[in-house]
Amino acid sequence: KVKPITGIMNKPLLCLVLQHKFGWIPMDKGQGVDAEISTGDGGKVVLYSPRTRSLLGAFSPSDLKHQNLVLSQVPPDPRGRPTRIRAALEPPKDYDGFQRLVNHILFDTNGEADFACEISSRDIRRAMLGQ
């Protein structure tokens, strides 16, 4: 088996999806920043952490602009989803269970792709590459 892992993840929304939808976990418990991710005005992604200094050092002004991020010094209302950012991630220890989860999310009972993406290629490039 090949074990998938990530490098240090600097994309909060990708961290959110991997951790909450696919059950990925930080490889090193001491690595990264615990943050809450929520939606702000104009589709902005709001990041809050009680360790504000850690967030300030995690993203450059360019990162904030291209990823449409806003750093908040106060907890969002309503509260956001807790997510570890700036950490390397790995799938859950139960690899077979992980594989079943992936298949359940991505494929129907006949093994056919069962998902649709309504995001334009322009939006994907912007979110993933900052272009």
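Modeller: What follows goes from the chain as a whole to the sheet, then to what covers it. This is a predicted model, in which local features need pLDDT of at least 70 and side-chain atom pairs count only at pLDDT 80 or more, while totals for chains, interfaces and linings use all residues. Residues are numbered from 1 along each chain as its sequence is written, and side-chain values use heavy atoms, with hydrogens and water left out.

The chain has five helices and six strands; these are DSSP runs numbered from the N terminus, helices being H or I of at least four residues and strands E of at least two. From the N terminus on, their order is α-β-β-β-α-α-β-β-β-α-α. Of the 131 residues, 33% count as buried (buried is under 20% relative accessible area, exposed over 50%, partly exposed in between, with a 1.4 Å probe and protein chains only).

Four strands form an open sheet with mixed pairing, in the order β4-β3-β2-β5. Two strands pair if DSSP finds at least two bridges between them. β4 (69–72) and β5 (81–85) are the edge strands, each with a single partner, so one side of each has no neighbour in the sheet. Neighbouring strands are turned by 35° against each other on average, direction ignored; axes are lines fitted to C-alpha atoms, for helices over the stretch in contact, and angles run from 0 to 180 degrees between N-to-C directions.

Taking the pairs in turn, β2 (residues 33–39) and β5 run antiparallel and are joined by five bridges, with A35 opposite T83 in β5. β2 and β3 are also antiparallel, with four bridges, and T39 stands opposite V45 in β3. The hairpin of β2 and β3 has five residues between the strands, and G42 there takes a positive phi near 65°. β3 and β4 run parallel, again through four bridges, and L47 faces L71 in β4.

In a regular strand the side chains alternate between the two faces of the sheet. In β3 both faces are covered: V45 and L47 are buried on one side, V46 and Y48 on the other.

Helix α1 (residues 12–20) lies across β2, β3 (45–48), β4 and β5, at about 110° to β5. Its buried residues are P12, C15, L16, L18 and Q19. They pack against β2, β3, β4, β5 and β6 (89–90).

The largest nonpolar core has 19 residues, and W24, L47, L55, F59 and I85 touch the most other members. Such a core is a set of buried Ala, Val, Leu, Ile, Met, Phe, Trp, Tyr and Cys residues joined through side-chain atoms within 4.5 Å. At least two core residues come from each of α1, β2, β3, α2 (52–58) and α4 (95–106). Leaving aside neighbours within four places in sequence, I85 is in contact with M9, P12, C15, G32, V33, A35, L47, L55 and F59; contact means heavy atoms within 4.5 Å.

E90 is buried, with a relative accessible area of 6%. Its side chain makes a polar contact of 2.9 Å with that of K93 (a pair of N or O atoms within 3.5 Å; within protein, one must be able to donate a hydrogen and the other to accept it, and residues adjacent in sequence count only if both atoms are side-chain atoms). Not counting residues up to four places away in sequence, E90 touches K3, P4, I5, W24, I25, P26 and M27.
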